[in-house]
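Below is what I looked up, entry by entry.

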Amino acid sequence: MSSPGGRAASAPLLGHEIEPTVFELSVPGRSAFQLRTTGVPATPLRDLILARHLAAAPVALAEVSERDLVGHYTRLTHRQFSVDLGAYPLGSCTMKYNPKFCDAVAADPGLNSVHPGAPASLSQGWLELLVTLESKLCAITGMAAATLQPAAGAAGELTGLLLMRAYHEANGDVRRRVLIPDSAHGTNPASVTLGGYEVTTIPSNDRGLVDLAALKAALGPDVAGIMLTNPNTLGLFEEEIVEIAAAVHEVGGLLYYDGANLNAILGVIRPGDMGFDIVHMNLHKTFATPHGGGGPGAGPVAVSPRLVDFLPGPRATRATQGDYVWSTPARSIGRVHGWHGNAMVLARALAYIDVHGGEGLTRVAQHAVLNANWLRERLRATLPAAYDRVCMHECVLTATGIKDEFGVRGLDVAKGLLEEGFHSPTVYFPLIVDEALMFEPTETESLQTLESLAASLERLAERARRDPDGLHRAPQTTPVSRVDEARAARHLIATEDAAQR
Amino acid sequence: MLAFLGMDSLDQLFAHIPASVRLAQGLDLESGMSEPDVAAVFAEYSAANRGQLSRLTCFAGAGAYDHEVPAVVKMLSSRSEFVTAYTPYQPEVAQGVLQAIFEFQTMVSRISGLPIANASLYDGATALVEALNMAAGATHRQKVVISSGVHPHWRAVAATFARGTGHEVVVVPFKDGVNDWDRVDTTGAAAIVVAYPNYLGVLEDLSAARALATSRDALFVVCGDPLAAGVLKTAGDWGADVFVGEGQPLGTALSFGGPFLGLFACTIEQIRRLPGRIVGETVDSNDRRAFVTTLRAREQDIRREKATSNVCTNQTLMAVTAAIQLGWLGTQGYAEIATRCAQGAHYLHDRLLAIEGVTAVSSQPFLREFALRLPRRADDVLDDLVGAGILGGLSVESLAGAHDPSLEGDTADVVLIAVTERRTRVELDHYADVLSKVLS
């Protein structure tokens, strides 16, 4: 049953008034803070700290009442789209619904009031939680052990590259290059560079997959490994993965699995079984921990047996007597986080895994893939897929048709979708597809929502024909209309003080 | 839906995946449980954490502090529009997060005394790594000189990432609680890195370090405490080129160490090398004020193999939280908190020093944290304090290992004690009384 107007499953934002900054709301002398009555003697600072360290004048912050503070940030939320408001089919980002239960778990002071430096004897519950999560992530990925320290995907990638480097160095093996397909996320080549390697790009073939012949031609004894996303960023499964793995291992290289798209294969196939040696996961994607408007994430890295000794430390482990302890692997690359990683994100992910269980996680992948294929098929006549066959959890469509015919670009469609009350898909990525629109509906959106989304896109295609100029100007019904990004870069104003100058 | 695709089973969607490597039996995991059943499991984890603050009075710090976080900050920062949004790639529907980050950048700029701040990094330790990358990029040199007053974990993280970048990390030892620059070769340094206050709580006059950085044409990086500028000079006042900090004290719970908040600010000269996201002010097509992520060409997912930074997703929710917390504090509250920390810390410091066998590690000034040498192993003493309901601090041994260039002699009997504005005189007196008994 489709929703009237196509909007019932999502909603436009209502916050159309420009909100003053908190500094513009400031009135001298106003304040909101209240502190404990401590009874500690109020010794003048000058008697405690040498004058040469003391500030000449206090740092100026906004001065507002609690009521003003609540009004300000509440009004800002009315100008912010979110998963809770509506569908967010942003490809490669896995913006699924975040179960509230997981947030409730993380709000428990028994977890979130524990100091990270407290001795293990005082944080046994936390260590058990971390050990349990590690073993479940290993079961899901088919790996031997994992570090939970990396704070997000890119940190996980670099950690994985450093593990690759440490492994080769321990074998007295100097290697120079890491292979990356041309469809890879931009973070992959960045991580390779920071890991001290050079990037060799492998082209895709006409099916959107790694060109196996080109890969084999690029392999050699100086290749440290390959970074692969599978399914890749076209949403397509690398069907020759077994051959790829064999070829890379043949020259002594390691396989790195970029877990950005892990949601597609949960319970269906495991990176370890495909031959991968290093796997990073984005818990804020696959395991539904909320993205926070751009973090926090968590990017655990799981490894095959031969890399376990190199993992970052300290790691929570279970001692023979049954209690939990911190231990650092023998040839550890060292710390990659100031403490133990984004612990509250890790706790949410474990709660999500526990609620779903093995079968539930498999259903996640099945329904994510079903939804993406339904959307791809449903939009066949409107926005055709760049590669016309069964996809995994996301589909990359192309707007070249309406661009050639009406001069309406993929970006215009994406902006038009905002007026329809949906978030845009990812645009112009992957780079190898012209006018790419990458949709990842996720498993948490219903058929009715997908129907609404498809109806909105059909309306936009019709509008492209009828009123292309209108679409160039879209969106107009959002809190602000199309934003002048060039001006922001040309004339940088990154603080209130720069705005005053 | 399957029928629409001309399929009759979900398995058909996966038929193109090679059967030889597909899972035959599904995952080796327990069956799913209802939310209340999972809640019961988590209640056991929670109960096993004897260190939770309802059971112990917290004097532990080292970058993670028990500060007041009021209901209004918790409630606003947990609004689902902030919590369940993605990175603001579509500014027309992300003005809420973008404006909150813009305000956050302004606040970080002011408390660091530097003109530009980014939208956040993972944590203090990884923010330091980004500062080192910036310095190497700015100077085309590989050597980074880091004071041993920088948190031992931060130094460890810097060493880990140097394995990939090839940076040569030189650690400066202390003498009498301050940097002994003459003991290391600083020629060819890309960065001179100090901490203010340092991880042992000490405030060192940074004039010498600034002069050294100038003489080496290196970037001067100050690792700072975001609450310190409530009463102390800012990093900018000391001439820093870069400020990095751990933003946890700005509204984030102890959280067992994460998610925390990496703070990063720098001079205008370094803007093109600034890691992570920056939000800038602009206008929309109707000439109304709007905010947008800008200078995107610097960011690692765009620069690809030319990147010098390792952050894509950052810690936006903690940054928004910090902005709300600083809004709650205001000019007056921000200064008041730092003042109260200093008053409480000095009161406890003097009471503990009066105990026989307890000595000061440094005679230098401090703000809210200080290190003391105890007559026996600090971890054993701390264990004894737990029995009296006190998390008495952290041993330097637990942070830095048995030996560290920041201390002459063993680390084992040195304890690091933090006092926040939440500690009452009764709690401080109780600590002193119990420690006195434990040591007698």
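The entries that follow go from the ground rules to the chain interface, then to helices, domains and single residues.

**Ground rules.** I am reading a predicted model, in which local features need pLDDT of at least 70 and side-chain atom pairs count only at pLDDT 80 or more, while totals for chains, interfaces and linings use all residues. Residues are numbered from 1 along each chain as its sequence is written, and chains are lettered from A and ligands numbered from 1 in the order in which they are written.

**Chain A against chain B.** I began with the interface between the chains. Here 167 residues of chain A are in contact with 167 residues of chain B; two residues are in contact if their C-beta atoms, placed from the backbone, lie within 7 Å. I then asked which element gives the largest share of the side of chain A that touches chain B. Helix α11 (residues 343-378) of chain A does, with 19 residues. My element names follow DSSP runs numbered from the N terminus, with helices (H or I) of at least four residues and strands (E) of at least two. Sorted by class, that side of chain A holds 89 nonpolar, 52 polar and 26 charged residues. In this scheme Ala, Val, Leu, Ile, Met, Phe, Trp, Tyr, Cys and Pro count as nonpolar, Asp, Glu, Lys and Arg as charged, and the others, Gly among them, as polar.

**α4 and α11 in chain A.** Next I followed α11(A) to a helix partner. Helix α4 (residues 124-141) of chain A packs against α11(A) at an angle of about 45 degrees, and their axes are 10 Å apart. The axes are lines fitted to C-alpha atoms, for helices over the stretch in contact, and angles run from 0 to 180 degrees between N-to-C directions. The pair is therefore oblique; angles under 35 degrees count as roughly parallel, over 145 as roughly antiparallel, 65 to 115 as roughly perpendicular and the rest as oblique. I noted the crossing as left-handed, the term for a near helix turned anticlockwise from the far one by less than a right angle, with clockwise giving right-handed. From α4(A) the contact residues include A:Trp126, A:Leu129 and A:Leu133, and from α11(A) they include A:Leu346, A:Leu350 and A:Ile353. This contact has 12 nonpolar, 1 polar and 1 charged residues.

**α10 and α12 in chain B.** How do α10(B) and α12(B) cross, left-handed or right-handed? Their crossing is right-handed. Helix α10 (residues 378-386) of chain B packs with helix α12 (residues 425-439) of chain B at an angle of about 125 degrees, with axes 10 Å apart, and the two are therefore oblique to each other. In α10(B), B:Val381, B:Asp384 and B:Leu385 meet B:Val434, B:Leu435 and B:Val438 of α12(B). I count this contact by class as 5 nonpolar, no polar and 1 charged residues.

**Domains of chain B.** The domain assignment of chain B gives domain 1 (57-67 + 331-439) and domain 2 (71-323); such bounds come from an automatic or database domain assignment. Taken over C-alpha atoms, 27 Å separate the two domain centres. Domain 1 of chain B brings 29 residues to the contact and domain 2 of chain B brings 28. On the domain 1 side, α9 (316-353), β14 (369-373) and α11 (396-400) of chain B each supply at least two residues, and α9(B) gives the largest share, 7 residues. That side has 20 nonpolar, 6 polar and 3 charged residues.

**A helix inside chain A.** Helix α6 (residues 187-194) of chain A is largely enclosed by the rest of the structure, because 8 of its 8 residues are buried. Buried means 20 or more other C-beta atoms within 10 Å of a residue's own, exposed 12 or fewer, and partly exposed in between, with C-beta atoms placed from the backbone. Just after α6(A), A:Gly196 takes a positive phi of about 85 degrees.

- A cis peptide bond joins A:Gly295 and A:Pro296, with omega about 15 degrees; A:Pro296 lies in the loop between α10 (283-286) and β7 (301-303) of chain A.
- The peptide bond from A:Ala474 to A:Pro475 is also cis, with omega near 0 degrees.
- B:Ala62 is not a glycine, yet has a positive phi of about 60 degrees, and it is buried, with 26 other C-beta atoms within 10 Å.
- B:His140, not a glycine either, has a positive phi of about 55 degrees, and it counts as exposed, with 7 C-beta neighbours inside 10 Å.
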